[in-house]
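Visitor: I would like to learn how to read a few features of a structure. Please show it to me first.

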Amino acid sequence: MLIGIILIVISPYLAFLPIIASGSLALKNKYTIKLTPYNSSLFLLFVLALLTGAMNKSLLSTLSSLGMLAFWGMGIYLQNNYKTENSVEGLFKLIWKVSFPIGILGIVEKLASYFYDMTWIANYFWSPNYVPKAENFRIYSTFGNPNVAGGWFAFMVLVAIYLIEVNKDNRKKYLASIAVFALAVVATGSKGATLGLLFALLAYAFFTRKKRTKKALLGVFLAIVVLALLSPEVNHELNSRNGLWIQCLEMFRVKPFFGWGMMGILENIGNIHGHNIWITTLVFFGSIGFILYTIMKISTYKSLLMLLRRGHRVAPLLGAVQILILSHGMVDFIIMTPQGGTIFFGACALTAGLALEYEKYAAVNLFGK
């Protein structure tokens, strides 16, 4: 698992290797597939994406749909291997261990940008719509886009807070990492990630029952607000998405049922996505896909509420991650990327897996024992 996490974190090009490998292991080991609303709707969303790509005669969209299948397979793997709080906590510790030096690398990248033109980093990543500027440079670290980097580092702020909460020893290193990850979020210049993290911190404080954690969360919240207000990377006029959203909604009007496929926005407008989860989903998959996505989310929220009622200590973190993705998704769509998708689909799968202790669903094994 450690090698897989390293591959996911160090490069968007390598991230799909462990995602595909986890699904392959689920196939090889003939894991049981629980027919939860989350698992079923995500698989159906893959089938829809595949058909929509073919209907639109788009090879790129058809091939991209396989990414949905890969995330579905990863979810089956996670649900069969991470069934307890301790196992999930161990997974988060591994992710933190790999991400901490990457956060430091991001800070070094930002410091270097004050003395050198660091825009050459963009040459190593595919990002047709974003052109970096040397002035107020937004860091990439090992992620393919500053917004994806911001989302990952925001996720790690939440994980570090959780690790402080559940570990009595070695809290100083986790505390230091909060500072590193928070600075890295701001250095990415991602308004979506910054706002998403602020909402997630408030949600975490609402979900947790520990007063000490609530105080810590509010302290981190205030610190990030100050950092964001002082940062020229974040504290600038917001680029309006209105024009893009109007174009996307017009595309949805033309094909309201099945959509344009996962590369439809790129092929017709020139943007990779619609910079909004709901609008992008409508354009990619039409109203049918939007319904499937909504079922996925409702299922995840129901499982999360059950875990919170049962007092699972990891539930507040998982809830905060959902709010992070939801808030960030108002102006972005990082779940389309391998690294951003790992956060979203991974958190949903872990939530569904933990809730299976209390929820009963039919199960199948497509390949037999």
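Visitor: By class, which residues make up the lining of the largest cavity?

Guide: A word on the source: this is a predicted model, where local features need pLDDT of at least 70 and side-chain atom pairs count only at pLDDT 80 or more, while totals for chains, interfaces and linings use all residues. Residues are numbered from 1 along each chain as its sequence is written, and side-chain values use heavy atoms, with hydrogens and water left out.

Guide: Rolling a probe the size of a water molecule over the atoms shows where empty space is left. A cavity is a set of points, on a 1 Å grid over the protein atoms alone, where a 1.4 Å probe fits but cannot get out; lining residues have an atom within 4 Å of a point. Points are joined across faces, edges and corners, and the volume is the space filled by probe spheres set on them. Here the lining of the largest cavity has 5 nonpolar, 2 polar and 1 charged residues. For these classes, Ala, Val, Leu, Ile, Met, Phe, Trp, Tyr, Cys and Pro count as nonpolar, Asp, Glu, Lys and Arg as charged, and the others, Gly among them, as polar.

Visitor: How many cavities of 30 Å³ or more does the search find?

Guide: The search of the whole structure finds 1, and the volume of the largest cavity is about 30 Å³. Its lining residues include His 328, Asp 332 and Phe 333.

Visitor: Which residues have the most contacts inside the largest nonpolar core?

Guide: Such a core is a set of buried Ala, Val, Leu, Ile, Met, Phe, Trp, Tyr and Cys residues joined through side-chain atoms within 4.5 Å. Buried means under 20% relative accessible area, exposed over 50%, and partly exposed in between (1.4 Å probe, protein chains only). The largest core has 114 residues, and Phe 92, Trp 96 and Phe 153 are among those with the most contacts inside it. Helix H6 (residues 146-166) gives the most to this core, with 15 residues. Helices (H or I, at least four residues) are DSSP runs, numbered from the N terminus. Phe 153 touches Ser 141 and Phe 181, among others (contact means heavy atoms within 4.5 Å).

Visitor: Is Ser 141 buried or exposed?

Guide: Ser 141 is buried, with a relative accessible area of 9%. Most residues other than glycine have a negative phi. Phi of Ser 141, however, is positive, near 55 degrees. Asn 136 also has a positive phi, about 50 degrees, but Asn 136 is partly exposed at 36%.

Technical notes:
1 Å grid on protein atoms, 1.4 Å probe; cavity = no way out; pocket = protein on both sides within 12 Å on 5 of 7 lines; lining within 4 Å. Helix = DSSP H or I, 4+ residues; strand = E, 2+ residues; numbered from the N terminus. Lists of a residue's contacts leave out its neighbours within four places in sequence.
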